[in-house]
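Here is a short walk through a predicted model. Keep the structure open while reading.

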Amino acid sequence: MPSPAPRVAVVILNWNGAAMLRQFLPLVVSACDDDGKVFVADNGSTDDSLQMLQSEFPDVATIALDRNYGFAEGYNRALKGLEAEFYLLLNSDVEPAPHFLRPLLQLMDTHPACAACQPKLLSWRQRDSFEYAGAAGGFIDRYGYPFCRGRVFDTVERDGGQYDASPYPIFWATGAALLVRRSDWEAVGGLDGTFFAHQEEIDLCWRLRARSREVWCVSESIAYHVGGATLGPGNPRKTYLNFRNNLRMLYKNLPNSELHHVMRWRCALDYVAALQMLLTGQPRHAAAVLRARRDFNREKQLLKPQREENLRLTTLSPIPEQLPSSLLWLYHARRKHTFAQLLPFFKKG
């Protein structure tokens, strides 16, 4: 008799991360209790990841992809056909606290309108501080700049319980530890595989929120994230993907009333960012920004069908978790460096 499907398919996407798996996989298996079954989807690794999993973790199911599809398409392929009520996308460098799934599932069980949620994400290296990639839940401003409760640009706060109000509605949940209903995942078509990596979870959550589905952070659930395991902040490839994907996301999801205004401003701001990088001795990053804009402009017409579908299915506009003003202005000119300081501006616009 086949075993029943788990409530949660916990899927770790791995690429040449044998050392990370060896360190964190036992903790993941232990923390999932009886609610989750752990899978490792290997994204065409060239190290000994698969051999190590077979010899050291024979009870962990593996999904072997034939090549590196990136984060977005890798997860799309790995999750296809998995029977579970929920999917948990979990980075290979995440250490979940014991029983971390329980508060997340409790939220899902009591809030049927919730499509996705995340735990409070703290730094693995500095465990009393928030982690850059998701902290206590993500937001974006009018011009597409992402930030979090606990992290605004490069200002990362220590966790003193200031964002423990839980559950808390957010714009986007971190892809480092993202719990999503399978039905919602399938309804919006999963991640946009053309993103390859970076900001695909923001795009996913934007599509969910625009269709009146909810996204939350559950601070009773805690996970610790190493971060930067694949592409570090000094890698121009990461700069390219962040700028290109952010432009793609804006074009696909902005309402008609905002599109031209926002994209004009973003053009100017991107060139300012490239100039600043050039003047501060980062010519490869400046070139990455220019390439990102060039490639976005070349590919924009290909995104038009997705934009039309997203607008057709939108039932919530504006989205209340989107800051209706400029984060750059508030951060640099008004000196608002924390989410608590930004909160009043969600209402003012």
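Start at the surface. L275, L278 and L279 form a nonpolar patch there, with about 340 Å² of accessible area together. L275 lies in helix α8, which covers residues 256-279. Its relative accessibility is 48%, so L275 counts as partly exposed; the exposed class begins over 50%. L279 is found in helix α8 too. L279 has a relative accessible area of 69% and is therefore exposed. For a sense of distance, take F139 as a reference point. F139 and L279 are 140 residues apart along the chain, and their C-alpha atoms are separated by 30 Å.

Stay with helix α8, but turn to its charged residues. The side chains of R266 and D270 meet in a salt bridge, at 3.1 Å from N to O. Why is the spacing of this pair about one helical turn? R266 and D270 are four residues apart in helix α8, which separates them by about one helical turn. Are the two partners buried or exposed? R266 counts as buried, because its relative accessibility is 2%. D270 is buried as well, with a relative accessible area of 1%. Elsewhere, salt bridges that share partners join D192, D203, R207 and K252 into one network.

Next, look at a helix pair. Helix α6 spans residues 200-210 and helix α7 spans residues 236-253. Their axes come within 10 Å and cross at roughly 10°. Angles under 35 degrees count as roughly parallel, so α6 is roughly parallel to α7. Which residues make the contact? On the α6 side they are I202, D203, W206 and R207. On the α7 side they are M249, L250, K252 and N253. D203, R207 and K252 also belong to the salt-bridge network that includes D192.

L311 is found in helix α10, residues 304-313. The C-alpha atoms of L311 and K252 are separated by 8.4 Å, although the two residues are 59 residues apart along the chain. What does L311 touch, leaving aside residues up to four places away in sequence? The answer is N253, L254, P255 and N256. N253 also takes part in the contact between α6 and α7. L311 has a relative accessible area of 27%, so L311 is partly exposed.

Now widen the view to the whole structure. How many salt bridges does a search find? The count is 20. One of them joins the side chains of R182 and E83, at 3.0 Å from N to O. R182 lies in helix α5 (residues 182-188), and E83 lies in the loop between α3 (70-79) and β4 (86-90), so the pair ties together parts that are 99 residues apart in sequence. E83 counts as partly exposed, because its relative accessibility is 49%.

A further salt bridge brings together the side chains of R127 and E95, at 3.0 Å from N to O. This pair also links distant parts of the chain. R127 sits in the loop between β6 (114-123) and β7 (138-141), while E95 sits in strand β5 (residues 94-96). The two are 32 residues apart. What about their accessibility? R127 is partly exposed, with a relative accessible area of 38%. E95 counts as buried, at 16% relative accessibility; the cut-off for buried is under 20%.

How values were computed
Residues numbered from 1 in each chain as written. Predicted model: local features only at pLDDT ≥ 70, side-chain atom pairs only at ≥ 80, totals over all residues. Heavy atoms only, no water. Patch = residues over 30% accessible without salt bridge, like charges linked within 9 Å, V, L, I, M, F, W, Y side chains within 5 Å. Areas by Shrake-Rupley, 256 points an atom, 1.4 Å probe, with all protein chains shown as cover. Salt bridge = Lys/Arg side-chain N within 4 Å of Asp/Glu carboxyl O. Buried < 20%, exposed > 50% of the residue type's maximum accessible area, 1.4 Å probe, protein only. Axes fitted to C-alpha atoms, helices over the stretch in contact; angles between N-to-C directions. Parallel < 35°, antiparallel > 145°, perpendicular 65-115°, else oblique. Contact = heavy atoms within 4.5 Å.
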